[in-house]
Structure formats: C-alpha cells, structure tokens
2 protein chains.
Amino acid sequence: MVWLDASGPSSETVMSTRIRLARNISSIPFIARAREDQLNVVMRTVTSSASGAKGLERSKFLRMADLSVLDRAFLVERHLISPDFSNESPNRGILVGEDETESVVINEEDHLRIQVICSGEQITEAWERANALDDHLEETLEYCFSPDLGYLTSCPTNVGTGLRASVLVHLPALVLTKQIRKVIRGVAQVGLAVRGFYGEGSEVVGNFFQISNQITLGQSENETLEGLERVVRQVLGHEEKARELLLNDARVQVEDKVWRAYGTLSNCRVVTSQEIVNLTSAVRLGVAMGFPGLPSLKTINELLVLTQPAHLQVSAGREMDSTERNVLRAGEVRKRLGLSPVED
Amino acid sequence: MVWLDASGPSSETVMSTRIRLARNISSIPFIARAREDQLNVVMRTVTSSASGAKGLERSKFLRMADLSVLDRAFLVERHLISPDFSNESPNRGILVGEDETESVVINEEDHLRIQVICSGEQITEAWERANALDDHLEETLEYCFSPDLGYLTSCPTNVGTGLRASVLVHLPALVLTKQIRKVIRGVAQVGLAVRGFYGEGSEVVGNFFQISNQITLGQSENETLEGLERVVRQVLGHEEKARELLLNDARVQVEDKVWRAYGTLSNCRVVTSQEIVNLTSAVRLGVAMGFPGLPSLKTINELLVLTQPAHLQVSAGREMDSTERNVLRAGEVRKRLGLSPVED
C-alpha cells in the first residue's frame, strides 16, 4: 500500500487522496436489473480490458464469492471496497494493482468503479492516474454516456462526471482549539462533504476527516478537482494556524498529550482499534509539530491501518475474538514501534 | 532517608514502619499550660540529652521558627513532622538523625516525641531503636509517669504506653478485587486504625493504607506491637492471595495497567502529585508481581516522596506555582527513571 507510506505532499496533515470514477457499460442493464450472465460478461470484459493498463500490470482479481467474511473486512480496512459490497453474486469482485494504488471494483453499485489512492495531497496525480486508466478501459468498453448529462450511473448522485474525489485529512489542532465545527460548516457551505473518519460512527469524533465533492452534475472534472483542492488548501491553512496557536499558547500541554499517547502506545498490553485511532492521532500531531524522537509518519499510518481487526486476524491466519485481538494488537504495536517485546 | 530505600522485609508491599513515643517531662507543665521559658528549658534539655544517642550522633536541630512555610512542608512530606506543627513558639523544633531514621519532635503536642521510621515491615527493629533512644533520654530526663496509668500525655488517647506504631502498606490487589473494605472492617474490629495514605483526603482512595494501633492504655508495648504485627501479616496474606487471583484470572489486564502507568510516568510532560501516587502505585504492583523490566522499588518509593510539591521547590531553590511544578515534576520523573529528557 503505497498510499500509507507518507511520501506524498503535506503527508503530515493529509493521509491520502482518493479518486473514484463510476462507469457502466452501455450494452448491459444497470446492476439492479442485470441477469447473472450479463454481470458475468461485465466481469470478464472489464478484467480483460483492464489487465494491460498502467498500474494493473501485475494485478490480482479477487472474486467476492471466493472471499471469507474476514477477507472482505480486510479489503474494507484497506479502503479497497465498501462495507456494503456483498457477495451474493458470483460475478462481483475487485481487480487490484500490485501496490494497491489502482483498482477496479466490478459489479458493485455500478458495472465498474475505477479507484486510485495516493499518499498525501495528490489530487492531480490521483486524477491523472484514474483518467489514464479510464481512457485505457474506454478503448475496449463502450460506456453509458449521455451528451446532455454525462456518464449515467445507478445512483443519480453520481450522474455526470461519476467522479468522487476525496482527501483524508488529520485536523487535531482544529479539534483541540474547538474550531473544527466552524471549519466543517464552511466546507459544507461551498458544496463539499466532510465526514468523520476512523471515528465512532459518523459523529465528529476523532481527528480524521474526509473532504469530498458532492456535485457530479453540471461541472467539469477540472472544476470539481480545483474546487476540492482550493478548499483542502484552506482547511490545511486553518489547521496550520491552529497548530501555531497551540505551540505558542500551550506547547507543554500539547507535548504532554503527544508523549502520553506515545507512552501508552508503546507500553500497553491490551488496546482497542478505537484507542489506536486516538493515540496515533495524538502522536501524529507531535510529528507534524516537529517534536523530535517520535516514530515516523509511515509507522504511524501503518499502526492506524494495519492493526485493524481483520488485518490482525489475516496476519495471524485465524479468526480471533476481540479480547484476544486487543492483546495481539498491543504486541503488534510494540513490534511496529521497534520495541522488542519486554516479556512475551 | 533510609526508610525509602526498600531494603526492609516485605518492601514490595510494606513501604515503611513507624514508631512514635509521646513523652513529657515531669517538672514542667504540659504544652497547653507551659510558659515560653519552660518550653525553652524542654528544648534545651531534650536536645542536650539526645545529642549523644545512637542514630542521633550527627543530628541536626531544626527550629520551626527558623523554617519557611516551604521548609516545613518539606519536613511534612518526609513524614518528620505533622502538618499541624506550627511555629508560633520559638521553642519548637525537631532533632533529626543523619539518615532520618531517628528523630525527636520537641514541644509539639507533647514535650517530646521520639520517632523512628524504617524501611519495610520492621516493627521489632523500629521499636528497639525507639526504645533504646527512649532509655538513653530517660537517663537524664524525668518523664511524667503514673504507676497506675503509665506515661502521661497531653491527649488522653496517648496515655499509657504513649506508643503509636504504624505500618504503611500498599494493597492494590485488594483494591482491584474490591476486597479492601472488608479487610479494613476486619482490621478496625480488632481495635486498629486504617486510614488511606497518599490519597485525596481521608477517603479510601489510592492503594496506600496506614495501619496503626489505637489503644495505648491497658496493654503493654509488646502486646500492642504483637497485635499490630499479627494483623499486618494477615493483611499481607490477603493481599498476596488477591495478587495470585489477579495473576491467574486477569494477568494481561494487570500487565496492561502496570505498563500503561509506566508509559505515562516515563513520557508525560505535565503531571500532578496525585497522579504520581496513582501511577507509581500501579508500577509498584507490577514490581511486586515480578514483571520484569520495571524500575526498582527504591526508585518507585523515591518518585512517590521526592516529587511532592515542597521537595520539588526546595530542590529547585525557589517557590513555584502548581502549573510550573507539574512541568518540573514530569522532568524530574524522567530523570529518576534514568531516561534522558528527549527534548529539553
């Protein structure tokens, strides 16, 4: 997962950028009305069209029907499929590039959804990659396209560009200084969506937020992307100012918060996924603020994603209940922090 | 302070043993009715009588009137004087032996109070030292003594032996397994007092408890000491069983609690005295349970006592408000844990 490696621009605040294009094939009914043999045609033609594409040279095709509940949860945790992607049909699946930057989800809500995830703030780069993959597929596939409306999709909210561009940002200073709701309101007012991420439910809990476009109709891809980029820049500016405020007014309190979180991460013996989100969030703030002696952003990103329930179980090669996972997770954290386990 | 060094028996559970003997000089009225010139006689005769005694060879005499509020708070934190020992009179003070095992408080509630503090469970040793010092003083002083009642004291609760023997025990497993109230009730039923120590107020908060005799009249010193020793042994036995229970039933949860406390202690940048009590209590439990890799009991005892407010300020050579102390304390903790400060 290249998107985890914190190599992209603004990685200290932007975890990842994601582009998704919803497409359907003109000769075949939409998912809700398609027969299994038609879905099978979609699956075969899309996989064969995509196989030579850039980023998918050494791809894997994963059929949902072949995957266990755990395997699917694993893909959800890697942001490759949505939790709703069921395996009722034998003709559903995902084609994933070797480094997981490019992928194509087949026969979920639409016939195909092109996905690109990049590290940091890389709206342009992610878009160019998705667009190139889209062009490649269009050489052999004929999309459902209306000259008036644009690309037609199962859900009317995607009609037009079929584009969903989203940026996963970490805004701890705006949360700490209690400015986050104001910022979220501002973002919503210009037509973008902000939702809590890695939090409990959809409440504004935790410090990770996903900012994405809502409009797909009546504006070009470039307008959408430029609008998102502009707003993300503004939000990053607000976060930056809030961090300066904290450094000036409450440096030692922030240091305390950051180092306590690190102390807990590096010493706990039982820990939940939710607590990992909160602890890594605090440590991430410390790294962003330039406090020396903390783990790298790459390690922090990996802690957040790779210690999730399905990842732990896939890595252990068996299912485990949450009690067992919470113990294993604590050991995994110490390993990833490069601390030799003290006593196991 | 030898009593802090965790060298005594059962030091993993018993922090210290303390003996106090209340005495008054027969030719001089009790404190409440004595004139200053009489108090002055007490001060001079007691200090001169005590100066050659074992444990007081290289003693210091500290006059309360010469001490600042901070200096007195420092002595309270070291368990040498009580918080109520005011400096109204110029003839009050404390004679302290070099290693602070022996001391004599002069003109507080009684003319003199012989004090001995030892590390761990050393009721007999502490008693023998106090008794030897008492014998030494009695060679030159004539005590207020009634053949019927025994030693006479300002407060009737001390009449008889004038002896208060107390043992400071750490009972985290009894607290965690919710058996502590039952144990305290049992101790109270046999006529001993138990009070929370290093907690907030006199509530049963925190895991440190002081067990002491209440009766001084109608029983000999040996009966008092044997009674206390028997009950302390029983309480330690209960604590031991509770620890075994925890190890068998909840080992990883206890490890988690212990290591999180250590992680916070070793990483925090702001910390209160009260939190130090709770954190060191958890770490102490880990040491007692034999978890490897934790600090020594001596270090843990020192963290508890030497990071108290007055100690921090005396060590820094100036008064500080609590905000400043909480920052300094966190740095002091890291130094004592042998961790080089990461960034200051």
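The residues that line the largest pocket divide into 14 nonpolar, 17 polar and nine charged, where Ala, Val, Leu, Ile, Met, Phe, Trp, Tyr, Cys and Pro count as nonpolar, Asp, Glu, Lys and Arg as charged, and the others, Gly among them, as polar. A pocket here is an open set of points, on a 1 Å grid over the protein atoms alone, where a 1.4 Å probe fits and where protein lies on both sides within 12 Å along at least five of seven lines, and lining residues have an atom within 4 Å of a point.

This is a predicted model, in which local features need pLDDT of at least 70 and side-chain atom pairs count only at pLDDT 80 or more, while totals for chains, interfaces and linings use all residues. Residues are numbered from 1 along each chain as its sequence is written, chains are lettered from A in the order in which they are written, and side-chain values use heavy atoms, with hydrogens and water left out.

**First stop: chain A**

Select Ser82(A), Pro83(A), Arg195(A), Phe197(A) and Gln210(A), which lie nearest the centre of the largest pocket among its 40 lining residues. The volume of this pocket is about 1200 Å³, counted as the space filled by probe spheres set on grid points that are joined across faces, edges and corners. Now colour domain 1 (2-241) and domain 2 (251-336) of chain A separately: both give residues to the lining, so the pocket lies between them. These bounds come from an automatic or database domain assignment.

**Second stop: chain B**

The second largest pocket has a volume of about 1000 Å³. Select Arg18(B), Ser82(B), Pro83(B), Arg195(B) and Gln210(B), which are the closest to its centre of the 38 residues that line it. Which element gives the most to this lining? It is β9(B), with five residues; helices (H or I, at least four residues) and strands (E, at least two) are DSSP runs, numbered from the N terminus.

Is Thr280(B) buried or exposed? With a relative accessible area of 1%, Thr280(B) is buried, since buried means under 20%, exposed over 50% and partly exposed in between, for a 1.4 Å probe and protein chains only. Its side chain reaches the backbone oxygen of Ile276(B) at 2.7 Å. Leaving aside neighbours within four places in sequence, Thr280(B) is in contact (heavy atoms within 4.5 Å) with Leu265(B), Ile300(B), Leu303(B) and Leu304(B).

Notes:
A polar contact is a pair of N or O atoms within 3.5 Å; within protein, one must be able to donate a hydrogen and the other to accept it, and residues adjacent in sequence count only if both atoms are side-chain atoms.
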